[in-house]
Amino acid sequence: MASATLFPFLSIFSLTLLATASAVGFSVELIHRNHPKSPFYNPTISISDRVHAEVQRSHARAAALRRTFFSQLRNDMSSTANTKYSNLSPPAPDFTHLIPADSSFPYTIPSDTPFPSPADSPIPYLPPADSPFPTQSPASPNAPIETDIIANSFDYLVSIHLGTPTREVIAIADTGSDLIWVTCKPCADCYKQDAPLFNPATSSSYANLPCSTKKCNQLPSSQCDNSASDSKCIYQYGYGDGSQTIGNLAQETVTFNTTSGSTVGFPKVAFGCSHVANGTFERHSAGLVGLGSGPLSLVSQLGSSIEHRFSYCLVPYDSANITTSRLSFGSDAISSHDVEITTMVDIDRETFYTVTLDGITVGKNNTLGPMERSYMIVDSGTTLTYLDSTVLEPLVELLAKTIHLPQVEDNEKLLPLCFDESNVESDFVYPDITLQLGKATVTLKPYNAFRKINDKMTCLAMTSNNDISGDNLSILGNIAQQNFHVGFDLASKKISFAPADCTKY
């Protein structure tokens, strides 16, 4: 297992550009969990086992994305019902007693604390579709912040430097969530991790945010001690697998070491300083950087200083080049060659980057028959691409007719179409698959659409969302996005796709 120092001191002083009024452009490394630079890297795992682990994480995340996406819709639709039946909504647990007003740590969590449990308390709370009881409104001032994302279903990591003086934090990079949070000292109930906890007491730029601040009000919900106007703002995130993080909403200087060798810092970035973090979080990461489009995400907070733009360029999994992927901001996030641009769907799902899937073509001329337009989330944390069965089944049928190789079954039965390459010709190539994403025509090369399982088997890296959705929601996974410069412009609500050799960024 590769070793990594996750919190080394870094003196920045005059070397750091504090980005405040003027816009900047910069790029940082985006590290896949199986890259040699990742603390999760394990060279002893076989390709087959690694792929099956990827697929299982992908299934868990795709299911969680779907539940979160549609729970927001149900919450919106039930707002009127919530007013009528507000007395029937389940009471929200109070977490303020877990974060004391002073610094009198350590403290213990009462045994009767009503933490959410995935078995009997879905997150977010969703009653059966035919239930007369409404969902609890996320705007409720006492409701915990909850998401169905699985805590360890991630693929990419990013390094940030927090505080003054700075400490490095290796965190999950997640386009499917907003809040930035790290584990902080002291911690009453934290998962075991390799890195020391971030100690806010040692940072001169750290400050807790009171409940009266705009950023506290931008949380979907918060817990406060209402006896004082400057009471600390407490956040709580529950995850779909029962994991949770609870702590103070605070502000701190966030600094990046860029790929050009410089450093760039941003003061007063709101983040969650977690004093409770338990569940299935993995010991090699120390927090999460939300890259969604909600107001508390890193991208939204940096705002005009990065021209409201970011992008990533993902190196293919099977690349012989061990270059890391890139996460870019501001002017570095602009691509000017062969760019396909589409508009994000104008729906009230502020976290997710959502477009429409309007058509699919195999090769040059084999277009699938009439298909119903669906929403498609563009997500860096989901490995596979997910399609409704009414789209996947004819696609699989067309590919089976087009690809003249023997079909075999994946041993784990996790993927819908696999081919035996034992006797494949040296000049054989799989066909391109082109997606019509609104106005953007995005052509997936074979490495975007197929995943090698072992030396003799390759499978389609797309599957049905039937087990996770009945609502025709698609997800564009990160395999499909490899070797594309994928750009997000939050100001114009545009997503761009430009083919690129991501090993050269």
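W181 stands opposite L288 in strand β13, in a model that is predicted. Strands here, like helices, are DSSP runs numbered from the N terminus (helices are H or I with at least four residues, strands are E with at least two). The protein chain holds seven helices and 30 strands. Local features need pLDDT of at least 70 and side-chain atom pairs count only at pLDDT 80 or more, while totals for chains, interfaces and linings use all residues. Residues are numbered from 1 along each chain as its sequence is written, and side-chain values use heavy atoms, with hydrogens and water left out.

**Strand β13 and its partners**
- Two strands pair if DSSP finds at least two bridges between them.
- Strand β7 (residues 181-183) pairs with β13 in the antiparallel sense over two bridges.
- Strand β6 (residues 166-174) runs parallel to β13 and is joined to it by three bridges; D174 of the chain stands opposite G290 in β13.
- Both faces of β13 (residues 287-290) are covered, with G287 and V289 buried on one side and L288 and G290 buried on the other.
- Buried means under 20% relative accessible area, exposed means over 50%, and partly exposed lies in between (1.4 Å probe, protein chains only).

**The hairpin of β23 and β24**
- Strand β23 (residues 433-437) and β24 pair in the antiparallel sense over five bridges, and L435 stands opposite V442 in β24.
- Two residues lie between the strands of this hairpin, where G438 takes a positive phi near 60°.
- In a regular strand, side chains alternate between the two faces of the sheet.
- In β24 (residues 440-444), A440, V442 and L444 form the covered face, whereas T441 and T443 form the uncovered one.

- Four strands form an open sheet in the order β21-β22-β26-β25, with antiparallel pairing.
- Each of β21 (407-408) and β25 (450-454) stands at an edge with a single partner strand, so one side of each is left without a neighbour in the sheet.
- Strand β22 (residues 418-420) and strand β26 (residues 457-460) are joined by three bridges, and D420 has M457 in β26 as its bridge partner.
- Helix α5 (residues 389-402) lies across β21, β22, β25 and β26, at about 145° to β26. Axes are lines fitted to C-alpha atoms, for helices over the stretch in contact, and angles run from 0 to 180 degrees between N-to-C directions.

**Two single residues and the whole chain**
- T385 belongs to strand β20 (residues 385-387) and counts as buried because its relative accessibility is 2%.
- Leaving aside neighbours within four places in sequence, T385 is in contact with residues including M376, A461 and I475; contact means heavy atoms within 4.5 Å.
- I322 is in the loop between β14 (309-313) and β15 (325-329), and counts as exposed at 59% relative accessibility.
- The C-alpha atoms of I322 and T503 are separated by 8.0 Å, although these residues are 181 residues apart along the chain.
- Of the 505 residues of the protein chain, 55% count as buried.
- Among contacts between residues at least 6 apart in sequence, 72% join residues at least 24 apart.
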